[in-house]
Every structure is written in C-alpha cells, then in structure tokens.
Amino acid sequence: MLELTVGQVANGGWCVARHDGRVVFVRHALPGERVRARVTEETARFLRADAVEILEPSPDRVTPPCPFSGPGRCGGCDWQHASLEAQRRLKADVVAEQLSRLAGIDRKITVEEVPGAPDGLGWRTRVQYATGRDGLLGLRRHRSHDVEPVTDCLIADPTIEELRVATEGWRGASSVEFIASTGGDHAVVVTPKPHRDVRIPDIDASVMLDEGRRGTRVLQGHGTLTERVGERDFRVSASGFWQVHPGAAATLLDAVLDFAQPKPGEWALDLYCGAGLFAAGLAEAVGPSGAVLGIESEAQAVQDARWNLRGVTQVSFERGRVEEALDRLEIERADLVVTDPPRAGLGREVVDRVAGLRASRVVYVSCDPATLARDIKWFGELGYELADIRAFDQYPMTHHVECVALLVRA
C-alpha cells in the first residue's frame, strides 16, 4: 500500500504518480488527489496501482453510477468516478500530450459530445460478455481473465440488457457478444470453448457461432444487420466492424467530409473502408465525373461495401492490405485520401506509401491518440502538416477517444 499524490492523466485510463523515484500508474484516481493505492503490478521501470482510498478528493470526483465499477471490479470503464465534463477534459489532455510528446505539435484540444448519450450511459450497441464456470455472463476485470458477474451494464444499450437478462446460462460458451443495430436488428455471436458444444437459449435474435479461422456460421436468423446513417441504410455483417456508439457513424461522416471538402471530379481513396461509410459520402460529393476506391482487408466487409453502394458507378472496392493493394493496382496519385486504420495505426510503411500519392488532403480517423501522433510525425517528415484536428467522446466512461485529423501538403 502506498500513499500518493496523483499527477497528470496518462493514456490508457491511468494517472501518474511517483514513489521512490519510480513512476506509478494509478487507476480509479484523478489529477490532484491524495490517495492510498494498492500496488497491482511491478516492473523494473514502473508500478501499477489501484486507488482504494481517497484521502483528498478532486472536485471532479463523483459517485460511480455503476455498482460494479471500482478497484478489482469490472474493467470495462475507466472514468465512472469523474464527471462527464471532467472525463472530456482528461481525454483532451491525453490527446494534447500525445501530440506534443510524439509529434512535437502543441495544440489545444476540445473533446466534443456525440449525440445519443447525454448522461454517458446506455450507448454501447455491441457488448461482449465472458462466461463464468457456471455459464453465467459477466465482464473481465482489469488486466485479468477473471470474470466479474454483472447483473446490469449501464453503458450497454437497454435492448442488449433485455436480451442478456432473458438468456442466462450459456454453458459451453467462452464469450457471448450481443448486438443491437441502429436499424432495429438484434444479433448474438457466440464463441465456444475448445471442444465444447454450446447450449443456445431461446432468444429473439439472429444467432451466429464464431468458429475461429473457419469464420462465423449462422445458426438462427441471418448474419447481417442494418445500420442507419441519415437517410442511408448500410448492411453490415454481424461479426464485422461498426461504430458502437449510435451517434458515432453520422458524427464521423460529417467530420470527415467537412475536413476533406471533396469536389466534383476528384479522385479519392478510402483506406480501411469497412462497409463503405466514408466511401458513400465521398462518392456522392465527387459525383459521376469523379471516382472513389475503397480498400479493405476483410472479405465480408468488402462484400458489404459492394452491396451498400451497388449501382453507384463512380465507386469500387478492392480487397487486400492497403500497401499491397495500392502497389498491385499501380496507384501513384490521388486528390484526396481518407484513412480509418485499426488501433495500431497506419505504421511507417503505409504512411510512406500514402504520402507518396501526393494528395492535397489526407483525413485520418483514429481511435488511438498515441499511434495517431506517431503517424502525424512521420507525415510531417514527408511534407504534410496538421491543419486541424477534432476529438469526439464516442466512448463515455472509458478512456477511449476518437480523433479526426486533417493533414495537408505543406
């Protein structure tokens, strides 16, 4: 047990303190607090700890709305003990710190609310539960395989909670993911334990079995969901990627198009295009005289994207790793690039390849401020500068934050 004065926020839901010259990453604390913390992990360079007693609380501290939040409990939320306003300030500080430390850019950041969850609860439209030994569902504890029994997840969409409560007892399952789409569809994706048969309770939803490398097999209903963005419906495979906040897709699409400013006749690339959300907006803007190419490595996502934009002649989709597909198709230039990579970011090879296209604008959507800042630094070395950046609170109560950055040729 350590008594600590907590300093600034760090990426990942921690705050930073020091003890005997070593950094201590503290969860369940807020900047400026004096806490008693239990060490949970020790390395040669730093400690990890949970604040188990608050000696001098921050004015931003609130009582967590969820009874399963706290030291040693459910690891799904990081900031339930902070007001929503404070959560957004903390996330803004993290984005600004990553940009400054990794990219050498000083920028004031404001994290914007995403419509659809004014109290920060009930927003998550996909929740993956783990199963305990008794087959009952719960959520993993922080940095642990242990399952915390959870009777009510407050950040989950209420429909998900209704499905979960009605279907306890998933014997033979390793995990069960519940999905409630913005189009009104419901689905369950079950991952079995090795060499075990899964008992599927009666449930009013499509049911799929995740068979690992063999893909996902539909057991009941159908394997796709409808996601609605404005006046357009998107078909999305139930096991595929879609934003989990109901307001996120429309918010990000508006932000991307605002930064990209696509013009009729332009040649645009949508990298890591998923089911075609950004490609749809780009195709409408560039018109029949322009062209949009989406590149995506997931086969089912490419099928969904082609279905979603069938009949739109100025858009096409290609399956493959981004750098491989650009080389295979001998693409050497573009007017505009939109990219939405996974958490690992673009990486040096893809940054080099994208910068080589000499597009006047690159719009970069990121769910990790650290890899975003790293890639922005590399773009800077190749002639691009950060013209603007916005940050969105798509994941209230957690440390996660979504950013959209505009890079222009210097």
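**View 1. D20 in its loop.** D20 counts as exposed, at 73% relative accessibility (exposed means over 50% relative accessible area, buried under 20%, partly exposed in between, with a 1.4 Å probe and protein chains only). The residue sits in the loop between β3 (14-19) and β4 (22-27). Phi of D20 is near 50°, a positive value in a residue other than glycine. Most residues other than glycine have a negative phi. The model is predicted, and local features need pLDDT of at least 70. Residues are numbered from 1 along each chain.

**View 2. R358 in its loop.** R358 lies between α7 and β21 (361-366). Its phi is positive, about 60°, although R358 is not a glycine. R358 is exposed, with a relative accessible area of 56%.

View 3. D340 belongs to the loop between β20 (336-339) and α7 (347-355). D340 is buried, with a relative accessible area of 16%. D340 is in contact (heavy atoms within 4.5 Å) with Q243, L271, Y272, F278 and V365, leaving aside neighbours within four places in sequence. The C-alpha atoms of D340 and Y364 are separated by 6.1 Å. These two residues are 24 residues apart along the chain.

**View 4. Helices α3 and α4.** Helix α3 (residues 248-260) packs against helix α4 (residues 277-286) at an angle of about 45°. Their axes, lines fitted to C-alpha atoms over the stretch in contact, are 10 Å apart. From α3, the contact is made by A249, L252, L253, V256 and L257. From α4, L277, F278, G281 and L282 take part.

Conventions: Predicted model: local features only at pLDDT ≥ 70, side-chain atom pairs only at ≥ 80, totals over all residues. Heavy atoms only, no water. Axes fitted to C-alpha atoms, helices over the stretch in contact; angles between N-to-C directions. Helix = DSSP H or I, 4+ residues; strand = E, 2+ residues; numbered from the N terminus.
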